[in-house]
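Let's take a friendly walk through a protein model, one region at a time. Have the sequence and the 3D view ready as you read.

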Amino acid sequence: MKTKIPIGPFHIGLEEPIYFKIDLKGETVENVDMINGFVHRGIEYLAMQKNFFQNLILTERVCSLCSNNHPFTYVMAVEKIAGIEVSKRANYLRVVADEVKRIASHMFNLSMLAHLVGHHSLMTQTMEAREIMQDIKESIWGNRMDMSANTLSGVKYDLDEGQIEYILRRLDELEPQVDELIDIYFNNKIVRARTVGVGVLPKEDALRLGVTGPTARGSGVNNDVRDKAPYAAYDELKVNVMLEEDGDVHARTKVRWREVKESIRLVRVAITNLPEGPVVTQKRPHIPAGEAVTRSEAPRGELIYYLKTDGSQKPERMRWRVPTYMNWEALRVMIPGNKLTDVAVIFNSIDPCISCTER
């Protein structure tokens, strides 16, 4: 028997507001349509009413989980137009902030997976381990979500020996917990039953749709911007890209956990090899007329900023493309053929950020 089932836009199983129209045959999904537009805030328009420094604050509030990548990518665009050189120390510190956010973001998504497959003690265990990263953010940057790490021509913070020792000690505390969690997520019967062979995105479809981030790497596609077009200090720190070939929810889960391990390594290497130098090179730089496109690897994938300036104190035009915009269409490949109960699990596996997409 064929039926139509609505899910959303606000539903306990959905991480973000979206409206699914699902065609069912029995318990199996035959087709899915998706409608969004529930959290539009007009942030791109607001960005053109603010000056270049005010936009540091505004862009950080596009999204909470990848709140560092938005101002990070934005300042790179401004610096590109103004021809500003950033010190090596500032570039290393930018990487530290970004990788700390990546660990926390991935672990939040993975805890949501545990919640959606019904393994609530695993969700609790994951969130408790993630608290270590929240403690680091609060202790170093003074905030558990928006770190305000970036500014034009550098960063707003520095690390002394005591802070470096603190971060290393907390990472030593986190890593064995991550290893234990990886073993559970990779091998637990409940997790595997709900993720292996579920929501498959074949490599050819991943390439055709241009998906990005862990969604792409779970299908064997390496488009990690940190590796393909290194920025900040990534050309010196060298990222080991994590790839899986199966293309299912389990593969995307494995990519995120391995990226958590890689980010821990990158933070350790960066803070123990911090170059000497200033954290800011120009306090109030002049921004001339020009255009720039910059990109970074956010937790969900490639984030692109376009900026056009006219020599005034405000952007003439600013626009950005977020990872979820590219990964969104892949749900039309992933969801059909699966059970209705798998829809929320598959949706979570692209780590959707509707706040970024609709801004």
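## A hairpin to start with

In the hairpin of S7 and S8, four residues lie between the strands, and Gly311 takes a positive phi near 90° there. Helices (H or I, at least four residues) and strands (E, at least two) are DSSP runs, numbered from the N terminus. Two strands pair if DSSP finds at least two bridges between them.

Before going on, note that this is a predicted model: local features need pLDDT of at least 70, side-chain atom pairs count only at pLDDT 80 or more, and totals for chains, interfaces and linings use all residues. Residues are numbered from 1 along each chain as its sequence is written, and side-chain values use heavy atoms, with hydrogens and water left out.

## Strand S7 and its neighbours

S7 runs antiparallel to S8, and six bridges join the two. Here Leu307 stands opposite Met318 in S8. Towards strand S6 (residues 289-298), S7 is joined by 10 bridges, again in an antiparallel run. One of the partners to look for is Thr309 in S7, which bridges to Gly290. S6 and S7 also form a hairpin, with two residues between them.

Is S7 enclosed or open? Seven of its 10 residues are buried, so S7 is largely enclosed by the rest of the structure. Buried means under 20% relative accessible area, exposed over 50%, and partly exposed in between (1.4 Å probe, protein chains only).

## Aromatic rings

The structure holds six aromatic pairs. Rings of Phe, Tyr and Trp (its six-membered ring) pair if their centres lie within 6.5 Å; planes under 30 degrees apart count as stacked, over 60 as edge-to-face and the rest as tilted. Tyr305 and Trp320 form a stacked pair, at 5.0 Å centre to centre and with 10° between the planes. Tyr305 lies in strand S7 (residues 301-310) and Trp320 in strand S8 (residues 315-321), so the pair ties together parts that are 15 residues apart in sequence. Both Tyr305 and Trp320 are buried.

Elsewhere, Phe72, Tyr231 and Tyr234 form one aromatic cluster.

## The sheet of S1, S2 and S3

Which order do the strands of the open sheet follow? Three strands form it in the order S1-S2-S3, with antiparallel pairing. Strand S1 (2-7) and strand S3 (28-35) are the edge strands, and each pairs on one side only.

Strand S2 (residues 19-25) is joined to S3 by seven bridges. If you find Lys25, its bridge partner in S3 is Thr28.

## Helix H5

Helix H5 (residues 120-141) has 22 residues and reaches 31 Å from its first C-alpha to its last, close to the 32 Å expected at 1.5 Å a residue. The expected span is 1.5 Å times one less than the number of residues. Among the buried residues of H5 are Leu122, Ile132, Ile136 and Trp141. What covers its buried residues includes helix H4 (88-116) and helix H6 (161-187). Just after H5, Gly142 takes a positive phi of about 80°.

## Two residues with positive phi

Ser153 has a phi near 75°, a positive value in a residue other than glycine. Ser153 is found in the loop between strand S4 (150-151) and strand S5 (154-155), and is buried, with a relative accessible area of 0%.

Lys238 has a positive phi of about 60° although it is not a glycine. You will find Lys238 in the loop between helix H11 (234-237) and H12. Lys238 is exposed, with a relative accessible area of 55%.

How values were computed:
Contact = heavy atoms within 4.5 Å.
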